[in-house]
Amino acid sequence: MAKLVATLASTHHPFYLKATTAASEDQIPQAAEWKRKIEAYRETLTRAEPDILVMIGSDHFHQIFLDNYPQFLIGKAPAYDATFYNEEREFGLPRYRLSGDEDLPRFLHQSLLDQNFDFAFSNELKIDHSIVCPIITLRPQNDLPIVPIYTNIFAPPLPAPRRFFDLGRAIRRAIEAYPSDKKIAAIGTGHLSLELGGPRQFMETGPDPAFDRQAIEWLRTGDADAILGSVTHASLDRSGNATHGFLNFILMLGVAGPEEADYADHLDLFHTMEAYFTWYPEGFAQ
Amino acid sequence: MSKYYVNKFLFSVERDPQLLRRYTENPDACVSTWEQSIGPRLLNNEVEFSTVHGLTDEERRALVDHDFVALFEMGAHFFLNLTIFIGIYDEPYAAKQGPLAFQRLFAEKLQHWRGSDYPSVET
């Protein structure tokens, strides 16, 4: 059976590339520290030596719109183009072509249906920055096939927080039941407290630094019970109108299991808290 | 009121460089053209049209005026409402007043919503 060799959950900041490759006189003061932290985090994936990446993100109204919005969707395509015109314009992100894998998503899709997650699917999916950003930070050589999974953190009503956690558990079971000797890493991105298009956007900190500190501690210690006992759609709203991206962290904790993280780091940036976590399965030689 | 149709405008204009330029330079004409020939198209289908949605006068005015405060208050999706106006105003504001000047102005104009529940973006 396939092995899940690492589970990674992080924020995806679309300005990382621009911030760290700008001419040095134009760089923000934290750019060098940010780059150091990202490169250290990248090493946690590299050392797991994965063959395939299952990547959990969320389309930001790039391919998916309100005429037809799935709660959960899996990509089943031989390759994925990535980065939309408006992401090039706004974030300076390059275009990519990511290789896909058609066998693993077929297996995962059936397994998830069998576990009562009625996924939508796409045979022609263009990937947005929720998956491009972790390629840039964690696997910039872009040499591995991916299986993209999109969640709805964006167009209410959203699935319940517990559903995200349970989906993570189901993805873990599906990966470990895959009849293959492949080594698989699961990478998911989202946000801590975040405000976009509202009165608390682009402040010196994220909109709710107390939530950010609490969320980092919950994830570091793997305290799923505390998260699921505290986090509701309404509480996320109070922490910032785009804080629902935290639901993807809950999903990734489901993939990892409610365990202490093997790697945890964070960075207080000018308008968000960035956070980076990695879990290895039991017995993984680090 | 059609939050969906306002969002469809923001979505379809923000993603298209030519439409975004027209919306920047001549919003009145752009909104009219969009209502006549773009908005009614079923998405991802060049042949079929939808008869279901239309803009109210207030929605049309907010779009023509680039009035992101009114759009926020109508429950336009926060991401679309931000990114389209960043696409229009980020560069000129940054050139005059430094990075994120427009984003900070946007937040400033919405300060009266701080501490309150924001208008729902559910459609």
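Tutor: We begin with a term: a polar contact is a pair of N or O atoms within 3.5 Å; within protein, one must be able to donate a hydrogen and the other to accept it, and residues adjacent in sequence count only if both atoms are side-chain atoms. The structure is a predicted model, in which local features need pLDDT of at least 70 and side-chain atom pairs count only at pLDDT 80 or more, while totals for chains, interfaces and linings use all residues. Residues are numbered from 1 along each chain as its sequence is written, chains are lettered from A and ligands numbered from 1 in the order in which they are written, and side-chain values use heavy atoms, with hydrogens and water left out.

Student: The backbone oxygen of which residue lies 3.4 Å from a polar atom of the side chain of Thr137(A)?
Tutor: Thr137(A) belongs to helix H5 of chain A; helices (H or I, at least four residues) and strands (E, at least two) are DSSP runs, numbered from the N terminus. Its relative accessibility is 10%, so Thr137(A) counts as buried; buried means under 20% relative accessible area, exposed over 50%, and partly exposed in between (1.4 Å probe, protein chains only). The backbone oxygen 3.4 Å from a polar side-chain atom of Thr137(A) is that of Pro134(A).

Student: With which residues is Thr137(A) in contact, leaving aside its neighbours within four places in sequence?
Tutor: Contact means heavy atoms within 4.5 Å. With neighbours within four places in sequence set aside, the partners of Thr137(A) are Tyr16(A), Ile38(A) and Arg42(A).

Student: How many of the residues of helix H5 of chain A are buried?
Tutor: Among the buried residues of H5(A) are His129(A), Cys133(A) and Leu138(A). Helix H5 (residues 129-138) of chain A is largely enclosed by the rest of the structure, because its buried residues number 10 of the 10.

Student: Which residue just after H10(A) takes a positive phi?
Tutor: Helix H10 (residues 246-256) of chain A is mostly covered, with 11 of its 11 residues buried. Phe246(A), Asn248(A) and Ala256(A) are among these buried residues. Just after H10(A), a positive phi of about 90° is found at Gly257(A).

Student: What is the area buried between chain A and chain B?
Tutor: The contact takes 27 residues from chain A and 32 residues from chain B. Buried area is the accessible area (1.4 Å probe) that two parts lose on being put together, summed over both. Carbon and sulfur atoms give 65% of the area buried between the two chains, which is about 2800 Å².

Student: Which residue of chain B forms a salt bridge with Arg89(A)?
Tutor: A salt bridge is a side-chain nitrogen of Lys or Arg within 4 Å of a carboxyl oxygen of Asp or Glu. The rule finds one salt bridge across the interface of chain A and chain B. Its closest N and O atoms are 2.6 Å apart, and the partner of Arg89(A) is Glu14(B).

Student: With which residues of chain A is Gln103(B) in contact?
Tutor: Gln103(B) is part of helix H7 (residues 101-108) of chain B. At 5% relative accessibility, Gln103(B) counts as buried. Leaving aside neighbours within four places in sequence, Gln103(B) is in contact with Ile86(B) and Asp90(B), and in chain A with Gln201(A) and Phe202(A).

Student: How many aromatic pairs does the structure hold over all chains?
Tutor: Rings of Phe, Tyr and Trp (its six-membered ring) pair if their centres lie within 6.5 Å; planes under 30 degrees apart count as stacked, over 60 as edge-to-face and the rest as tilted. Over all chains, the number of aromatic pairs is 33.

Student: Why is the pair of Phe107(A) and Tyr178(A) tilted?
Tutor: The ring centres of Phe107(A) and Tyr178(A) are 5.4 Å apart. The pair is tilted because the planes are at 55°.

Student: Which peptide bond is cis, with omega near 5°?
Tutor: Pro157(A) lies in the loop between strand E7 (146-151) and H6 of chain A. The cis peptide bond, with omega near 5°, runs from Pro156(A) to Pro157(A).
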